[in-house]
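Here is a short briefing to read beside the model. Take a moment with the sequence and the structure before going on to the notes.

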Amino acid sequence: MITYLVRRVLWGVTVLLAVGLFTFVLAYIAPTDPAKAIAGRNASAEAVENIRVALGLDQPLLEQMARYLWGVLHLDLGTSYQLNRPVVDILLDRVPATAQLVVAGVLIALAIGVPLGMRSATRPGGPTDRAAIVGTSILVAAPAFLVGSVLLYLFAYQPARYLGIELFPIGGYEPMDLRYLFLPALTLGVGLAAYYARLTRTALLDELHQDYARTAKAKGASDGRVAWRHAFRNALAPVLTQVGLDLGVLLGGVVIVEAVFSWRGIGKLAIDAVTQEDLPLLLGTVLFATMCIVVINLIVDILVAALDPRVTLGGSAS
Amino acid sequence: MGGPSRRRLVLAWLAAGSIGVSACGGTTASVAPAASGSTPSAAAATSDTSVAPSSDPPPATAGGIVSIGFESDIQYFDPALSYDTVSGAATRLLYDQLVMYDEGTGLVPGLAEAMPTVSADGKTYTFKLRSGVDFYQPDGTVLREMTADDVVASLNRILDPDLKPNPSPVGPAFFSIIAGADAVLDGSAPTASGIRAIDPLTVEIELAAPDKRILNILAMGFGSVVPKEAGQDATAFGATPIGTGPYHLVEYKPGEIATFARNAEYWGTAPMNAGAEIRIGLDATTQLQQAIVGQLDLMGDFIPAGEYNATVEDPDLSGRIHRRTDVAVFYLSLDTSAPDSPLSDVKVRQAINHAVDKANLVKLQNGRGGPATCIFPPNMPGYDPTCDPYPYDLARAQALMQEAGQAGFETELYTDPSDLSKSMAEAIQVDLAKIGITVKIVLQEFDVLLGTIATPHQAPMVYIGWFQDFPDPSDFIDPILSCAAAVEGGANISWWCDPAIDALAAKALAEPDDATRIAMYQDIQKQIMAAAPWVPTTLSETVEVVSARVSGSYLHPVYSFDLRTIAVAE
C-alpha cells in the first residue's frame with residue numbers, strides 16, 4: 001500500500017512537470033507579445049523593452065523554463081502579469097468557488113443520474129428506461145454554454161425583467177449562497193447526470209445478470225431488494241471509477257459554466273488568463289487542474305478498493 | 001484597435017484635456033478660474049460632450065450606493081501606475097489633481113485654488129494650493145492636510161525609475177518635459193529641479209521648454225497627489241491607498257469587488273451618491289442583463305454586438321441608454337514612404353481616400369459614432385467639422401488613379417481579428433477593388449499587430465484606432481504623425497515624415513495663446529490631410545444601458561467612467 005502510494009505520487013509529480021513543460025513551450029511559441037499587450041499602443045518602444053526585461057522575457061527559453069520549474073518545485077508559480085499578485089494566492093482565492101460548484105454539480109449529477117439509471121436497469125425497455133435513454137442522449141449532447149444560457153435566461157433574467165421577481169441572480173458568485181449556486185450547479189449537474197444514468201444502467205444490468213443476483217432472486221428477494229441491497233454496491237464501483245476518470249471532462253465543463261455564470265472560480269480565471277495573455281496565470285491554472293486530476297484519481301482508486309474487496313492496490317493480489 | 005475588451009485594456013485612460021475649451025468650442029465660455037471654493041463641476045460651462053439622456057435632477061442629498069460592473073479586475077489602485085479603464089474608474093474616486101476637468105474637456109482648478117500663473121517665458125507655472133485639503137485613509141479617517149511637499153513628492157514619484165513593481169510604461173514620458181526630469185528618469189538625481197515647493201501652499205513647476213501640454217499632463221491620473229510617505233512600493237501603497245478624493249477604499253476583494261465610501265468633509269463638490277461599488281468579473285452580457293433588471297447600476301464594458309440593436313431599440317429602455325463619442329479616431333493607415341510602393345504616391349493615397357465608403361463602415365458598427373473625416377475627433381480641441389477633404393467619390397478616385405498612372409496593384413491590409421475590425425477590413429477591401437487595388441487582409445492578435453506595424457514598412461495598410469492620452473490636439477500629431485515617431489517601435493505607422501510639419505507642431509506646442517494655437521493645429525491637420533497618410537474612417541462611440549434608478553451622467557469624455565456624478569434612488 002505504501003509503495004503503491006509513493007509510486008503514484010512520484011508518477012503524479014512527473015505528470016505535473018511534463019504538463020508544465022509542455023504548456024510552457026506552447027505558451028512560448030504562441031505568437032503573442034505579453035510586453036506589448038501590457039504596455040499598449042501609447043507606450044514607447046523603450047518602455048515595452050523595460051517590461052520585457054522586468055518579466056524576464058528577454059532571456060532564452062531554456063533559462064526561462066528552468067527558472068519557472070525551479071519556482072514550481074518551491075510552490076512559486078510566479079506573478080500574474082495583469083493582477084500583479086502571486087499566482088498561487090490568486091488560485092487559492094478561487095478554489096472555494098470552484099470546489100462548491102464541482103461538489104454541488106457532482107451531487108446533483110449523482111442524485112439524478114444514479115436513481116434514474118437504477119430505475120432504467122430494473123425495468124429495461126420500460127417507459128422510464130426509454131424516456132431516460134432519449135432524454136439523456138439529448139442532455140449528454142447539449143453543450144453546457146447552451147444549457148446554462150437558457151437556464152439563466154428563463155429562470156433569472158426573464159422573471160426579474162417581466163415579473164419583477166428575483167428568482168435567481170443573473171450570474172455572479174457569493175460564498176455558500178444557494179441562490180447563486182443553484183443554476184450553475186444544475187447546468188453542470190444535468191449534463192453529468194445524463195452520463196451517470198447511462199453508466200449506472202449498464203453497470204447495474206451487468207450485475208443483475210450475475211449468478212449472485214439470480215440466486216438472491218431465486219431465494220425470494222424482490223427485484224428492488226436485489227437491485228438495492230445486492231447489486232448496487234457492486235455497480236457503484238465502475239461508476240465511481242468513471243467519475244474519477246472523467247474529472248478532466250468535468251473541469252472542462254466547469255470552465256464553460258463558470259464563464260456563462262460569471263462564477264469567480266478557477267475556470268473563469270483560466271479564460272481570463274487566456275484572453276489577457278497572462279502567461280503565469282494560464283500556466284498556473286493548467287498546473288492546478290492537472291494536480292486536481294492526479295489527486296482525485298488517486299483518491300478514487302483508494303475509494304474503489306475500499307468499496308470492492310475484489311480490487312487490490314499495487315497490482316499483486318495478497 | 002482590438003476587440004472591445006482588448007481595446008479597453010489598451011486604450012488610454014482618456015486622461016486630460018483642455019488648453020482652453022474656450023478656444024476650441026469658441027462659443028462656450030469656460031474656465032472661470034474663479035475664486036477659491038469654486039468646484040470643478042461648478043466652475044466651468046460644459047462643452048459639447050456626453051449626450052446623456054435627459055433625466056431628473058439628482059436629489060440634493062443622495063444616499064444610495066452606485067454599482068458598476070467590469071469584466072477585468074482593477075490592476076492598480078496606485079495612480080502612478082493606473083492607466084487602464086477599470087483602474088481609472090477606481091482611482092478617479094480616490095484622488096485629485098492640481099487641475100481637473102469639468103463635465104467636458106475644460107480644465108478647472110482642482111487641488112490648486114486657481115489656475116496657475118505662467119511666467120513670461122512660458123516655462124514656469126505657479127500653483128497656489130487650496131488650504132485645508134485632507135488625505136483620507138482606508139478607514140475613512142484623516143491622515144493630515146495636504147501640503148506643497150506632497151505635490152512635489154507625487155510628481156517626482158511618477159519619474160522614479162525604482163518604483164516597485166515597475167514604473168508605468170507610459171506615465172514618466174509625459175512628465176519628462178519638466179526641467180530636471182531626465183536626471184530623475186535616468187537615476188542620476190532623486191528629484192527634479194523643476195518641481196519646487198515655494199511655501200507650504202505654493203508649488204512651482206518649471207519646464208525645460210515652453211509646452212502647453214503641461215496642464216493636461218498634470219490633470220492625468222498620473223498627476224494625482226498622494227502623501228509624500230507613499231514610498232516606492234506601489235503594490236503596498238495600492239493595498240492601502242490614501243488620497244484627497246471624495247471617497248476612500250473600504251474594501252477590495254481581488255477578482256470580486258471594490259467598495260468605496262464617501263468622505264464626509266471632501267473639499268470639493270460632494271459626490272451625488274453615498275458610495276460606490278466596482279464589481280469585477282462580470283462579462284458584458286451579464287452586465288447588460290443585470291443593468292436592465294436593476295441588479296447592477298452601470299455597465300463598464302460595451303453592450304455585446306449581438307445584443308446591441310435589440311437593446312437600443314427596446315422602448316422600455318429608452319432614456320436609459322447613455323452615449324459618449326470617444327475622443328478617438330479609427331483610420332486606415334497607408335505606408336507613405338516604402339520604396340517602390342504605389343502607396344508612396346500621394347495621388348494613389350488620395351484616390352484611396354475618395355474610394356472608401358465611410359457611410360457603409362458606420363453601418364457596420366451599428367451606426368455608432370459616425371464617419372471620421374479628418375484627424376481630430378469631436379471633443380478634441382481643434383476639431384473642425386468642416387474638414388472633409390475626401391468625400392466618397394468613386395469617379396474622382398478612379399481619375400486620381402489614372403493621373404498617377406496606376407492600373408492597379410496588390411497590397412496587404414493588417415488589422416486585429418476582432419469581428420468589427422475584420423468586417424471593416426473586408427468592406428475596405430471591396431471598396432478598393434473598385435479602383436483596381438487588390439487587398440489581402442492579414443489578421444494578427446492585437447499585441448502581435450502592434451509589433452508588426454511598428455516595424456518599418458512591414459504593413460502597407462493598417463486599420464487601427466488612436467485614443468487620446470489627453471484632450472490636447474498635440475496628442476493626435478506628435479505621437480503618431482511626427483518624424484520622431486516614424487522610427488522602429490514608434491507609433492507613426494504611416495512612416496510619414498515632413499520636417500516642415502514638425503516645425504509647425506513644435507511652434508504650436510509652445511504657442512501661449514489658445515485661439516492662435518488651435519488655429520495652428522487646424523492648419524497642421526489640413527496640411528497633413530492633403531498628403532493623405534491616412535484614411536480617417538469612423539469615430540468611436542460608447543453606448544451603455546443603466547439601471548432605472550440612476551440619474552446623472554457617468555460617461556465622461558476624459559475620465560471615461562466617472563461615478564462621482566451619478567445619483568441613485570434608494
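Is B:Cys483 buried or exposed? With a relative accessible area of 17%, B:Cys483 is buried, where buried means under 20% relative accessible area, exposed means over 50%, and partly exposed lies in between (1.4 Å probe, protein chains only). Please keep in mind that this is a predicted model, in which local features need pLDDT of at least 70 and side-chain atom pairs count only at pLDDT 80 or more, while totals for chains, interfaces and linings use all residues. Residues are numbered from 1 along each chain as its sequence is written, chains are lettered from A and ligands numbered from 1 in the order in which they are written, and side-chain values use heavy atoms, with hydrogens and water left out.

**Chain B overall**

- Chain B has 19 helices and 22 strands; helices (H or I, at least four residues) and strands (E, at least two) are DSSP runs, numbered from the N terminus.
- Chain B holds 570 residues, and 61% of them count as buried.
- Taking contacts in chain B between residues at least 6 apart in sequence, 73% join residues at least 24 apart; a contact means heavy atoms within 4.5 Å.

**Disulfides**

- Over all chains, the structure holds 2 disulfides, each being a pair of cysteine sulfur atoms within 2.5 Å.
- One disulfide is formed by B:Cys374 and B:Cys387, with sulfur atoms 1.7 Å apart.
- Both B:Cys374 and B:Cys387 lie in the loop between α13 (358–364) and α14 (394–403) of chain B, so this pair ties together parts that are 13 residues apart in sequence.
- B:Cys374 is buried at a relative accessible area of 4%, and B:Cys387 is buried at 5%.
- Another disulfide joins B:Cys483 to B:Cys497, with an S to S distance of 2.0 Å; the link is right-handed, with 95° about the S-S bond.
- B:Cys483 and B:Cys497 both sit in the loop between α17 (478–481) and α18 (499–510) of chain B, so the pair ties together parts that are 14 residues apart in sequence.
- While B:Cys483 is buried, B:Cys497 is partly exposed, with a relative accessible area of 41%.
- Counting bonded cysteines along the chain, the disulfides of chain B follow the pattern 1-2, 3-4.

**Where chain A meets chain B**

- The contact draws 40 residues from chain A and 45 residues from chain B.
- About 3400 Å² is buried between chain A and chain B, and carbon and sulfur atoms give 49% of that area; buried area is the accessible area (1.4 Å probe) that two parts lose on being put together, summed over both.
- Between chain A and chain B, 12 residue pairs are in polar contact (both at pLDDT 80 or more); a polar contact is a pair of N or O atoms within 3.5 Å, and within protein one must be able to donate a hydrogen and the other to accept it, with residues adjacent in sequence counting only if both atoms are side-chain atoms.
- Several helices of chain A each supply at least two residues of the side that touches chain B, among them α5 (87–122), α7 (144–163) and α11 (247–260).
- Across the interface of chain A and chain B there are 3 salt bridges; a salt bridge is a side-chain nitrogen of Lys or Arg within 4 Å of a carboxyl oxygen of Asp or Glu.
- A:Arg161 forms a salt bridge with B:Asp316, with the closest N and O atoms 3.3 Å apart.
- A network of salt bridges links A:Arg161, B:Asp314 and B:Asp316.

**Salt bridges within a chain**

- The whole structure has 28 salt bridges over all chains.
- In chain A, the side chains of A:Asp272 and A:Lys268 meet in a salt bridge at 3.6 Å, N to O.
- A:Asp272 and A:Lys268 both lie in helix α12 of chain A, 4 residues apart, about one turn of the helix.
- A:Asp272 counts as buried at 14% relative accessibility, and A:Lys268 counts as buried at 4%.
- In chain B, B:Arg279 and B:Glu277 meet in a salt bridge at 2.9 Å, N to O; B:Arg279 is partly exposed at 22%, whereas B:Glu277 is buried at 19%.

**A buried glutamine**

- B:Gln97 lies in the loop between α4 (85–94) and β2 (99–101) of chain B, and this residue is buried, with a relative accessible area of 3%.
- The side chains of B:Gln97 and B:Ser224 are joined by a polar contact of 2.9 Å.
- Leaving aside residues up to four places away in sequence, B:Gln97 touches several residues, including B:Leu111, B:Met220 and B:Tyr559.
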